[in-house]
Amino acid sequence: MAEKQAIRVGGAAGFWGDADHATAQLLESGPLDFLVYDYLAEITLSIMARARAKDPSQGYARDFPKTLALHRRNLNARGLRVIANAGGVTPSACAAALREEAQAQGVD
């Protein structure tokens, strides 16, 4: 039987508004395979739904694209994979914001 390899996962956020320094701490703490951001507590979803009702381009964790932008080059260089549900009730708007931030930095 083949030996199982460990997968190293860093939990960078557990709710919208969680510590914004967690990503940097995890990147400094050692090797990782994945960074996970969880934004969808029930109260968060209601806040996102109200934001989208006021402005269809909202409804996602607006700090997420900026957080990734701060660390994108390091994430890319290390080949880290990011798992997030930051898109909330408007995932397409979150994806557009992520692409916009990446393009501004000149990275994929």
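In what order do the strands of the open sheet stand, and with what pairing?

A: This is a predicted model, in which local features need pLDDT of at least 70, side-chain atom pairs count only at pLDDT 80 or more, and totals for chains, interfaces and linings use all residues. Residues are numbered from 1 along each chain as its sequence is written, and side-chain values use heavy atoms, with hydrogens and water left out.

The open sheet has 3 strands in the order β1-β2-β3, with parallel pairing. Strands (E, at least two residues) and helices (H or I, at least four residues) are DSSP runs, numbered from the N terminus; two strands pair if DSSP finds at least two bridges between them. β1 and β3 (81-84) are at the edges with a single partner strand each, so one side of each has no neighbour in the sheet. From one strand to the next, the twist averages 25°.

Between β1 (residues 9-13) and β2 (residues 34-37), which run parallel, there are 4 bridges. Val-9 stands opposite Phe-34 in β2, and Tyr-37 in β2 is the bridge partner of Ala-13. The chain goes from β1 to β2 through helix α1 (residues 22-29), a right-handed β-α-β crossover; right-handed means that, with the strands pointing away from the viewer, the path from the first strand over the helix to the second runs clockwise.

Helix α1 also packs on the sheet, where it touches β1 and β2 (contact means heavy atoms within 4.5 Å). The direction of α1 makes about 160° with that of β1; axes are lines fitted to C-alpha atoms, for helices over the stretch in contact, and angles run from 0 to 180 degrees between N-to-C directions.
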